[in-house]
Amino acid sequence: MIKKTALTMALVASLCLLAVAPLNPASAADAKTNPTVTVRLWDNAVASAYQTSFAQLYKKTGIRVKTEVIPWANYWTQLHTDLASKTASDIFWVNAGNFKLYDRAGLLTPITKANFGSQWNNWDASVVKQYTDHGKLWGVPQLSDPGIGLYYNKQLLDQAGITVAQVNKLQWNPTATTDSLRSVTQKLTRDSAGHTAADTSFDASKVASYGFNAAFDLNAIVLNFLGSNGAAWQKGDNFAFDSAKGRQTFQYLVDLINKRKVSPPALETNPPAGGDLSRDLFIQGKMALFESGAYNLANVLQGANFTWGIARIPAGPAGAISVTNGIVAAANKHAKNQAATQKVLQWLGGEGAKYIGAKGAALTAVKNARTPFFNFWKAQSIDISPMISVLNNGYVQAPSGANYGAAETAYLPFFESMFAGQLAVNTGITQAQQAANSAMKGTN
């Protein structure tokens with residue numbers, strides 16, 4: 001899964017690290033002749049797919065691969081520590097908000113066309129572009145999110161008299177007095193007495209089911225609403241959300257929560273709970289529309305006991321514009337066995353990637369290895385095409401920057417207060433952008 005930008009909660013390393021033994025444990029003699037390569041990531045579902053993949057690699061090459069899974073909340077703190085002490089895995093996942101910090105610090109080995117040949121042309125071009133810095137690619141593309149989609153609970157739609165066709169055509173307009181997103185989500189939000197948010201007798205303190213998941217969820221909500229209004233989160237490494245259209249966008253989202261009451265209170269959905277709490281409400285049948293990415297497909301499939309599907313995200317004045325994101329497997333410059341590490345990376349960039357989507361866990365960025373992912377969801381009778389087709393409209397830049405972690409720490413308090421209705425949007429946006437840009441430049 002491709003998740004939000006990095007959190008910085010620090011826990012004791014021994015509690016963070018979850019090691020998964022190789023599927024082919026080696027004998028003492030084998031250990032002397034066949035190298036072991038370590039691969040670190042934060043996703044258990046993909047780690048399981050990797051295990052199957054690396055078992056095939058072992059049969060072909062004798063290279064043993066040990067996967068190490070570290071929970072997302074602890075991942076970056078642990079990686080910073082281990083890179084500094086030169087004890088990090090030989091290969092590790094990085095996201096767009098962090099890779100520049102490592103490549104510019106000289107901690108990564110660049111990926112070259114000479115070492116990958118024709119494989120290079122089969123990688124998702126958007127991921128290659130996303131992880132290219134100063135003319136060099138800094139990881140082998142692994143995951144490529146489709147765009148964001150709008151999950152819907154068919155039972156709750158039927159109860160409100162809303163059709164899937166209506167949901168597929170939802171629009172929002174921050175300069176209008178109302179729009180279809182506001183009116184539909186008000187009808188879908190009900191209190192314990194059955195009153196909708198459009199009723200004067202609606203009790204916002206006793207909500208039984210919400211209509212939508214407006215929240216400060218950067219990947220699932222904020223980036224897409226900004227893009228759909230013709231605004232941007234960043235331009236290059238500079239934060240650019242403090243614009244007229246940016247302010248309109250954030251005011252609209254804040255109003256959905258605090259004025260329209262169609263989304264859970266921000267104090268419940270602000271990071272780090274954010275998207276996970278909204279996801280859980282959707283799975284529990286307590287939220288009708290849940291805007292999120294393919295990284296939650298498996299969660300919803302496993303947890304939901306109602307009929308659900310995927311619709312197009314609401315279209316703003318600039319259309320329905322989604323973020324798309326990628327993950328790469330980066331090569332540790334201090335890997336113990338560079339030759340074996342290279343072979344594992346070549347495997348991940350080619351044949352070995354087909355296992356990633358076999359159980360629907362994620363969409364690989366290796367284009368000719370994607371068929372298993374699509375076949376899985378087709379077999380589940382879930383049409384994920386709205387997540388794919390939305391990218392035909394263009395897409396917004398994902399978070400990026402060598403000091404993005406510091407910038408996130410700087411801007412987050414302003415957005416938390418703003419979404420909670422404790423800080424005026426115009427004031428909060430300006431203060432957040434100033435703090436973020438200062439942190440990105442290392443000046444605060």
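The model is a predicted one, and its secondary structure comes to 20 helices and 18 strands. For a chain of 444 residues a compact globule would have a radius of gyration near 22 Å, and the protein agrees with this, since its own value is 22 Å.

**Overall form**

- Taken along the principal axes, the box that the C-alpha atoms of the protein fill is roughly 75 × 50 × 40 Å.
- Of the 444 residues, 56% count as buried.

**Nonpolar cores**

- The largest nonpolar core has 65 residues, and those with the most contacts inside it are Trp233, Phe239, Phe250, Leu289, Tyr411, Phe415 and Phe419.
- Two or more residues of this core are given by each of several elements, including strand S9, helix H8 (154–160), helix H12 (244–258) and helix H20 (425–440), while the largest share, eight residues, comes from helix H19.

**Strand S14 and Leu289**

- Strand S14 (residues 289–292) points Leu289 and Glu291 one way and Phe290 and Ser292 the other way, and all of these residues are buried.
- Strands S9 (residues 149–153) and S14 run antiparallel and are joined by four bridges, and Ser292 in S14 is the bridge partner of Gly149.
- Leaving aside residues up to four places away in sequence, Leu289 touches a set of residues that includes Leu150, Tyr151 and Tyr152, together with Leu157, Val167, Leu170, Leu188 and Phe212.

**Helix H3**

- Helix H3 (residues 44–61) has 18 residues, which at 1.5 Å a residue should span 26 Å, and the 25 Å between its end C-alpha atoms agrees with that expectation.
- At the start of H3, the backbone nitrogen of Ala45 has a side-chain oxygen of Asp43 within 2.9 Å, and after the helix comes Gly62, whose phi is positive, near 80 degrees.
- The buried residues of H3 are Val46, Ala47, Ala49, Tyr50, Gln51, Ser53, Phe54, Ala55 and Leu57, and one of them, Tyr50, is joined through its side chain to the side chain of Gln142 by a polar contact of 2.5 Å.

**Gln142 in strand S8**

- Gln142 is found in strand S8 (residues 140–144) and counts as buried because its relative accessibility is 0%.
- Besides the polar contact with Tyr50, the side chain of Gln142 reaches the backbone oxygen of Leu348 at 3.0 Å.
- When residues up to four places away in sequence are not counted, the residues that Gln142 touches include Tyr50, Trp93, Ile327, Val328 and Ala329, as well as Leu348, Gly349, Ile356, Leu363, Thr364 and Ala365.

**Ala105**

- Ala105 has its place in the loop between helix H5 (99–104) and strand S5 (108–109), and its relative accessible area of 49% makes it partly exposed, since exposed requires over 50%.
- The C-alpha atoms of Ala105 and Ala402 are separated by 9.4 Å, although these two residues are 297 residues apart along the chain.

How values were computed: Residues are numbered from 1 along each chain as its sequence is written. This is a predicted model: local features need pLDDT of at least 70, side-chain atom pairs count only at pLDDT 80 or more; totals for chains, interfaces and linings use all residues. Side-chain values use heavy atoms; hydrogens and water are left out. Buried means under 20% relative accessible area, exposed over 50%, partly exposed in between (1.4 Å probe, protein chains only). A polar contact is a pair of N or O atoms within 3.5 Å; within protein, one must be able to donate a hydrogen and the other to accept it, and residues adjacent in sequence count only if both atoms are side-chain atoms. Contact means heavy atoms within 4.5 Å. Two strands pair if DSSP finds at least two bridges between them. The expected span of a helix is 1.5 Å times one less than its number of residues. A nonpolar core is a set of buried Ala, Val, Leu, Ile, Met, Phe, Trp, Tyr and Cys residues joined through side-chain atoms within 4.5 Å. The radius of gyration is taken over C-alpha atoms; the globule rule is 2.2 Å times the number of residues to the power 0.38.
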